[in-house]
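Student: I would like to learn how to read pockets, helix faces and cores in a model. Could we work through one case?

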Amino acid sequence: NCVAKAARDGIRTYLIVPEQFSFESERALSRRLGEEAFERVEVLSFTSLCNRIFREYGGLAGNYLSGGGKYILMDLAIEQMREQMKVYARQAYSPAFTQSLCRTVSQLKTAGISPKQLVEQADALEDELLLQKTQEIGTIYGMYEALLERGFADPDDDLTRAEELLKDHPFFEGMAVYFDAFDGFTGQEYRIIRRVFEQADEVGFSLCVDKPEDDEHGMGIFSAGKRTLMRLMSLAREAGMQAAPPVVLKELHRAKTEGMRQVVEGMFTPSTEAGGEELEEVRAASAKDPYEEMEYVASEIERLVREQGYRYREIAMITRGASGYFPMVRAAFLKRGIPVFLDERRKVDAKPLFQFCSSALKIACMNFAGEDVLRLLKTGLIAMEPEEIALLEDYSFRWNLRGSMWKVPFQSHPKGFGRE
């Protein structure tokens, strides 16, 4: 409602959401606002916000490091500091140590901690071993940053660089900025938010809490959201922005039936008393293991489709830790012929089209290496049957096909030497 009101009032508005919600948020806003008002709203993630700031004030140019580039630069940093290391002297030659430091530095940057701050905080530690470890990590971190300044850019620094630009440029001036769907924010993000408070005319946040007060003293289900709320209120006051009292939205819009309303309202309450009469749309079932769970779910889907006329596309299954269930889902659903789409993240290089293009390029560059040819054939995008590909693969291994041997007719016997 706040975003819609600001847009209809003619105010340039940013809605900042997590990366994975940007498309859905744009679609929902376009449906609600209409074309004219939607033109005044832009949905951004923190990543795309940095891109917008860099385009406006400079900062896009740079030799950005990939994961491999970070590893090489970190290895160089360790090598430079190796003679000064005591605690990590033995680990300094280990690739696993380099990878671990890459992850550690990435986490430190996300938290907004610089090498200088890390070393300064280490001096306050009473444990001597922990002090030395922290100092050595801080020193390597500092050398890594020094190597970066030779002409490289670390993507983990984008938010920090954007915040530095905002110190001198009123990017959010005259705007309304809203943040939605976040559970919390990192140290870097809080610094950006501080600049938003200082520059924007109106700022709003939506957080998942039951009430502003944390009566559970940090141990409740919503305590993390309440800590975020308190920190945002403090940042607003520090930036000189008047913070309005939090508005608690008590009306439940997502539950379409009485049964789901009772589940949502009672799920996180300490009471164990059953309320109301039994409701058909909510059932609880117990299974001895995930395999039995998926067998039950598959049988229920089959029953709904056959007996009640549901369509498969009208049924969704939601589970916590979904990736652990994927093998069981595939097995149970395949057995009953139930079509299923699994919302799982896969690497793009595992896709058939990508492998086809990649293998074709490698074949051209590496002069028909056997493994590249076979990888291309197995993508399923070549007009060959699986049995034919299997026979060709066996032939290539038997006769060690490589290079120009793939370009001439296959005249050797498929079963090897000594055969007619």
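**Pockets, a helix face and cores**

Tutor: The second largest pocket holds about 1,500 Å³ of space. On a 1 Å grid over the protein atoms alone, a pocket is an open set of points where a 1.4 Å probe fits, with protein on both sides within 12 Å along at least five of seven lines; a cavity is a set from which the probe cannot get out, and lining residues have an atom within 4 Å of a point. Grid points are joined across faces, edges and corners, and a volume is the space filled by probe spheres set on the points. This is a predicted model, where local features need pLDDT of at least 70 and side-chain atom pairs pLDDT 80 or more, while totals for chains, interfaces and linings use all residues. Residues are numbered from 1 along each chain as its sequence is written, and side-chain values use heavy atoms, with hydrogens and water left out.

Student: Which residues are closest to the centre of the second largest pocket?

Tutor: Of its 31 lining residues, Met260, Glu281, Val282, Arg283 and Ala316 are the closest. Helix 12 gives the most to this lining, with 10 residues. Helices here are DSSP runs (H or I, at least four residues), numbered from the N terminus, and strands are E runs of at least two.

Student: How do I read a helix face?

Tutor: An α-helix has 3.6 residues a turn, so residues three or four places apart point the same way. In helix 13 (residues 326-335), Phe326, Met328, Val329, Ala332 and Phe333 are buried (under 20% relative accessible area; exposed is over 50%, partly exposed in between; 1.4 Å probe, protein chains only). They cover an arc of only 155° around the axis, which puts them on the same side of helix 13; the arc is that of the directions from the helix axis to the C-beta atoms. On the other side of helix 13, Leu334 and Lys335 are exposed.

Student: What covers the buried residues of helix 13?

Tutor: The cover includes helix 12, with contact taken as heavy atoms within 4.5 Å.

Student: Which residues have the most contacts inside the largest nonpolar core?

Tutor: A nonpolar core is a set of buried Ala, Val, Leu, Ile, Met, Phe, Trp, Tyr and Cys residues joined through side-chain atoms within 4.5 Å. The largest has 31 residues, and Phe46, Leu49, Phe172, Val177 and Phe179 have the most contacts inside it. Apart from this core lies another, of 21 residues, among them Ile78 and Ala92.

Student: How much space lies in the largest cavity?

Tutor: About 40 Å³. Helix 5 gives the most to its lining, with three residues.
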